[in-house]
Amino acid sequence: MRVLAALSGGVDSAVAAARAVDAGHDVVGVHMALSRTRDQFRTGSRGCCSIEDAGDARRAADVLGIPYYVWDLSEKFEDTVVADFVAEYQAGRTPNPCVRCNEHIKFATLLDKAVALGFDAVATGHYARAVVLPDGTRELHRAVDSAKDQSYVLAVMGPDRLARSLFPLGDVASKEETRREAAARGLSVSAKPDSYDICFVADGDTQGFLRSRLGSQPGDIVDESGTVLGEHDGAYAYTVGQRRGLSIGHPAADGKPRYVLSVEPVSNRVVVGSAADLAVDVVQADRAVWFASVTGDFDCSLQVRAHGAAVPARASVLPDGSVSVFVDGALRGVAPGQSAVLYDGTRVLGQATVTATSRAAVGAAR
Amino acid sequence: MLPEATRVLTEQLARTGNPSSLHASGRAARRVVEESRESLAASLGARPSEVVWTGGGTEADNLAVKGLFWGRRTHDLRRRRILVSAVEHHAVLDPAFWMAEHAGAELVLLPVDADGVLVVDALHEELAAHADEAALISVMWANNEVGALQPLADVVALAHQFGVPVHADAVQAVGQVPVDFGASGLDAMTLTGHKVGGPGGAGALLARRGLELTPVLHGGGQERGVRSGTLDAALVASFSTAVVAAVAGQASFASRVGALRDTLVDGVLGSVPGATLRGPRSERLPANAHFTFAGCEGDSLLYLLDSAGVEASTGSACQAGVPRPSHVLLAMGVDELDARGALRFSLGHSSVASDVDALLEVLPAIVDRARAAGMATVS
């Protein structure tokens, strides 16, 4: 197959490309330039796609003996991923830009361009498994290394995109194995630190980034009864479950910490309450993407965070296509805008975007 | 590299001796340097004392822009304006921008027409209004992207009328069109080895005696104090050999390669819908062809051509290999979307008819496919 290997300049994508070459594919390496204002050097582990990263990707391609190109997707990235990120926070929701990048850029713009230019598939360094069944259907599964599993952020791609994707690192036992393999192959990125946090907020200061885009929007911090407890400088800076950064002059009556329960963009209010108030057991989500044909009610497990365990749940697909998920026990800090992924064991059943949460078990012990 | 240039380089590499040293080995190396200087000067209509060896074209351009600016300012602080054409190579543009940001210069970009040719009237207006403040003018002999030959005779005549020195980056022109420094009236001129089949890392600034050039590199005082740094006799000899050969072969090169280029242009325009030739049809470098392909992205075209074994350029300066719309095309008034689908085809002394045939065979399908891939990066 003719495979486009997306090379970020990191060790995972380099080893993934190497494995694709070993598998006998005709591989071409492409580095996506996603930032309009690229730094020369990567400063520490934050951020990505600096010119240094492009250079590391080029060296990896040299070692693997594959052609290498840099494609500038920065305009598309800004107009979809970054713009969506800012708009979601402004609307009082909590976005996951990595999910949107996979949805709009990596397995959309990049994949579409690759297919149009004659490629059969895109290979990435994501930790996940694309399992092909005897009848040809493809399933998306968690990676063997559950600590590194990234099926959660990939689930948004849907089965058609999955059909054109390769994840050569899916069966790796651990990150250390990847690094050892990189070193053994002579890839200089074997010791490069992993990047984390949001790639377009290189200094890690998300609130500062949002403030620079949205400006100061002062409003009230209130409790569930509407009593004003303090002030904020922009509701966009708060997310459900957040505890830090709440400037409330006095402690709660029960002496316990307060958490953000919800963000109300219209009234520009941030609603806070106790940890117990955060607990929800019903998650509603829409814009569902399915890998399995599901109808009505079914058992599954639900994951609502990139690095969080999935909890047992029962999902219900409603006539309008949205999903209601009832969990056993309780979840905390589930914010509208987040990605909800449903699993059947290691298999991804589907992905949807959280619209609302609630407590069905009223009167349960607090 | 030309075989004779490689031969001379290899022979001379065996020599020891610093051309600045006074002992026998040094003098022998110095002789090689001076003979190279004389040969190169003769082939370009210059005097040996007008040749300043540099480490390439970029260094020569920097020396010209910065050296002339600072040289003029020692006598008259009013002379702040640096006049450059809007289509100069980055090796001229960037020093000029830098001088404007850091050295108190004022940058004046001279406009070009839709073919990439300097609008002489605009220069006239500028000089008529601000001649007393003009430090220097830099207009290239021929543009590297679209091949446009610039009206240097007019520029020089105007400039000297107003007492302003003129520098020309002739990097692309040497070996392709007749270049005579003395006859041109230019005050300074850049050339480089790797564009004439010579070694990389070797270039020269031709500069009239008496032209005040503040050095960029200070040190041991070589090249009459204008450009310090130990000379590499082997590199200089190889460079000079290449220049002499290129100039000697210029007429037949222009005729032979120009005909191939014309076949290429006719072939592309005849077989590829949406292809537009950029730059003048006739007053252009004989080895240069440049097109934009509507609805295509440069990186798609580049990838597809590369895969088909055809090496072309998207023609724009870039870091980390990301194509950007060329400042040359934008200065010519080409729409930014159209400018993204640009390809420059450069022929050379080894180009033959089958190369052109091979390109014409694969290009239509490649453009179709690139067009289908569309403008993925445009929102």
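This tour moves through chain A and then chain B, naming what to select at each stop.

**Before starting**

The model is predicted. The predictor gives the complex an ipTM of 0.83 and a pTM of 0.88. Chain B has an average pLDDT of 94, and 97% of its residues score at least 70.

**Stop 1: the open sheet of chain A**

Select strands β3, β2, β1, β4 and β7 of chain A, which in that order form an open sheet of five strands with parallel pairing. At its edges are β3 (68–72) and β7 (165–166) of chain A, each of which pairs on one side only. As a general point, strands of a sheet pair through backbone hydrogen bonds, either parallel or antiparallel.

Next, select residues 2–6 and 26–33 of chain A. These are strands β1 and β2, joined in the parallel sense over five bridges. Within this pair, A5(A) of the chain stands opposite G29(A) in β2(A).

**Stop 2: a residue in strand β4**

Select A121(A), which lies in strand β4 (residues 121–123) of chain A. Is A121(A) buried or exposed? With a relative accessible area of 3%, A121(A) is buried, because buried means under 20% relative accessible area. Leaving aside residues up to four places away in sequence, A121(A) touches M1(A), R2(A), V3(A), L4(A), R164(A), S165(A) and L166(A). For a sense of distance, select Y236(A) as well: A121(A) and Y236(A) are 115 residues apart in sequence and 38 Å apart in space, C-alpha to C-alpha.

**Stop 3: antiparallel pairs in chain A**

Select residues 128–132 and 138–142 of chain A. Strands β5 and β6 run antiparallel here and are joined by five bridges; the bridge partner of A128(A) in β6(A) is R142(A). The two strands form a hairpin with five residues between them, and G136(A) in the turn has a positive phi of about 95°.

Move on to β17 (residues 347–358) of chain A. Strand β12 (residues 280–290) of chain A pairs with β17 in the antiparallel sense over seven bridges, and V282(A) has S358(A) as its bridge partner. Strand β16 (residues 339–344) of chain A also pairs with β17(A) in the antiparallel sense, over six bridges. There, D344(A) stands opposite R347(A). The hairpin of β16(A) and β17(A) has two residues between the strands, and G345(A) takes a positive phi near 65°.

**Stop 4: helix α4 of chain B**

Select residues 90–102 of chain B. At 1.5 Å a residue, the 13 residues of helix α4 should span 18 Å; the end C-alpha atoms are 17 Å apart, which agrees. Which residues of α4(B) are buried? They are A91(B), V92(B), L93(B), P95(B), A96(B) and M99(B). Among the elements covering them are α3 (57–73), β2 (81–85) and β3 (106–110) of chain B. Just after α4(B), G104(B) takes a positive phi of about 75°.

**Stop 5: helix α8 of chain B**

Finally, select residues 233–248 of chain B. Helix α8 has 16 residues, which should span 22 Å at 1.5 Å a residue, and its end C-alpha atoms are 22 Å apart, in agreement. At the start of α8(B), a side-chain oxygen of D232(B) reaches to within 3.0 Å of the backbone nitrogen of A234(B). The buried residues of α8(B) include A233(B), V236(B), F239(B) and V243(B). What the buried residues pack against includes α1 (3–13), α2 (24–43) and α9 (250–271) of chain B.

Note on methods:
Residues numbered from 1 in each chain as written. Chains lettered and ligands numbered in written order. Predicted model: local features only at pLDDT ≥ 70, side-chain atom pairs only at ≥ 80, totals over all residues. Heavy atoms only, no water. Pairing = 2+ DSSP bridges. Helix = DSSP H or I, 4+ residues; strand = E, 2+ residues; numbered from the N terminus. pLDDT = per-residue confidence, 0-100. Expected span 1.5 Å × (residues − 1). Buried < 20%, exposed > 50% of the residue type's maximum accessible area, 1.4 Å probe, protein only. Contact = heavy atoms within 4.5 Å. Polar contact = N/O pair within 3.5 Å; in protein donor to acceptor, adjacent residues only side chain to side chain.
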